[in-house]
Amino acid sequence: MSAFAQAASAEWVKIRSVRSTVVTLGLFAVVAVGLSWLIARGFSPGGPETDAVLPVFFALLTGQLVLVTFAVATVGSEFSTGTIRASLAAVPSRGRLYAAKMTAVGLTIAAAALVVEAAVFGLVRLVIGDGAAPLDEWWTIQALLGGWIHLTLLSVFTAAVAVMLRSTVLTLSILLPVLFLGSQGLGNIDTIRPVAQYLPDQVGMVIMHLTVPGDPRFGRDYGPWEGIAILVLWTAAALIGGWIAMRRRDA
Amino acid sequence: MIEVHNLTKRYRGGTAVDDLTFTVEPGRVTGFLGPNGAGKSTTIRMILGLDRPTAGTALIGGKPYSALHRPLTAVGALLEASALHPTRTAREHLRWLARSNGLGERRIAEVLEETGMSAAASKRAHTLSLGMKQRLGVAAALLGDPEVLILDEPVNGLDPEGVIWIRNLAKRLAGEGRTVLVSSHLMSEMALTAAHLVVIGRGRLLADLPTEEFVSANDGSNLEEAFMRLTGASVEFRSGGPR
């Protein structure tokens with residue numbers, strides 16, 4: 001096994017061996033699935049066809065707050081417990097340790113998001129019945145793909161911010177209000193929208209059909225994949241910031 | 001062997017380690033002594049590549065720590081024993097360390113056995129006593145069967161049984177030909193454990209001599225008092241009285 005594979009394997013052991021992983025990922029599933037069922041039950045057809053995915057993404061975006069907590073706590077606990085020193089003594093290459101940690105966290109989140117999104121989508125289809133989003137239409141596939149990428153990258157973004165801030169509490173205190181801003185729709189207030197629409201939690205809204213370009217109230221100045229591209233940039237910037245913080249600072 | 005050359009660490013507020021040079025030889029326990037705040041932990045962190053020196057070098061077997069391939073097989077370190085994830089079990093703690101350096105499951109069982117932690121291996125860290133955490137820390141240090149061992153304040157907070165266990169362990173490891181550096185702020189403890197002493201105060205080297213020499217030079221007087229005379233001028237904060 002290469003040195004990177006060994007480091008990534010160690011990070012995976014760290015993730016699966018703590019209780020908070022089971023708790024947060026389990027809660028993410030429960031919140032997302034439960035909420036999607038409640039929202040789907042109240043769904044009334046008659047609007048645009050794409051409204052059929054609203055219950056899916058409303059539920060996932062609320063569950064996302066728990067997913068973010070998992071990402072941030074996984075990274076932040078290394079600093080709060082002091083195990084970061086043992087980690088760096090075992091893997092002195094800081095770039096390697098950081099890459100291994102982000103890979104393990106990212107893959108775990110990608111897997112959890114994929115499973116939960118599939119479950120939520122399946123449940124919503126079942127509840128809505130006729131008029132449910134068709135899986136053989138590109139817009140449905142694109143929305144699901146975009147939602148999965150959004151959940152994964154936004155969580156990786158927050159994990160990288162946690163490396164920069166070296167604290168679970170501080171990171172969540174800063175990021176959760178920002179993420180709430182989006183989920184509560186405050187990002188659509190006229191005066192802050194021109195800027196807020198580019199925040200990392202907002203740029204996935206178009207591809208998930210939670211808003212459309214050109215809409216007078218909730219519209220965006222970018223298309224679905226442009227939004228995802230902006231999220232990729234945000235994530236890359238945060239990863240670079242985390243890497244610089246890892247390299248520079250004393251442990 | 002550990003070689004420290006002109007090692008210096010300055011922070012914005014002052015100097016923690018000041019032009020420190022010493023060598024830790026294999027085959028004997030070297031006591032790394034100094035009052036709290038003397039710079040022992042900072043020195044150890046620089047040896048392990050955790051803190052970046054302002055100047056100077058620290059080499060292990062002729063190499064900087066960062067250049068070691070599978071470092072746990074070269075150096076075992078016990079830092080803060082309480083630095084554990086509270087809900088991770090002792091065995092899983094050793095498992096991630098083992099994985100990171102390509103060490104097998106067998107070593108985990110061996111060091112658990114060696115440190116008397118086999119029965120507590122499935123306990124989560126927050127349920128372990130301080131003494132057991134210390135044993136787990138030693139188990140982690142021994143995992144890669146390293147030639148060099150660095151134990152930072154290993155007896156802090158331990159009960160007498162734990163203190164004796166650490167003392168005998170350090171001597172046994174040195175007896176096997178390993179390089180063993182044990183830091184402490186207790187002279188009396190080091191007099192019983194270490195064959196050689198490196199004493200620092202305010203980040204500066206104060207003494208580098210065989211323990212026997214220190215003891216005979218202060219024959220008859222209390223060792224802790226002799227240690228305080230040596231380091232007295234370098235204690236930054238003293239309780240009571242003017243500085």
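Analyst: The discussion below takes one chain and then one residue. This is a predicted model, in which local features need pLDDT of at least 70 and side-chain atom pairs count only at pLDDT 80 or more, while totals for chains, interfaces and linings use all residues. Residues are numbered from 1 along each chain as its sequence is written, chains are lettered from A and ligands numbered from 1 in the order in which they are written, and side-chain values use heavy atoms, with hydrogens and water left out.

User: How many helices and strands are there in chain B?

Analyst: Helices (H or I, at least four residues) and strands (E, at least two) are DSSP runs, numbered from the N terminus. Chain B has 8 helices and 9 strands.

User: Why is chain B described as compact as a globular protein of its length?

Analyst: The radius of gyration is taken over C-alpha atoms, and the globule rule is 2.2 Å times the number of residues to the power 0.38. For the 243 residues of chain B the rule gives 18 Å, and the radius of gyration is close to that at 18 Å, so the chain is as compact as a globular protein of that length.

User: Is A:Ser36 buried or exposed?

Analyst: Buried means under 20% relative accessible area, exposed over 50%, and partly exposed in between (1.4 Å probe, protein chains only). A:Ser36 has 0% relative accessibility and therefore counts as buried. In chain B, buried residues make up 54% of the 243 residues.

User: Where is A:Ser36 placed, and which residues does A:Ser36 touch?

Analyst: A:Ser36 lies in helix α2 (residues 19-41) of chain A. Contact means heavy atoms within 4.5 Å. Not counting residues up to four places away in sequence, A:Ser36 touches A:Pro55, A:Ala59, A:Val120, A:Leu123 and A:Val124.
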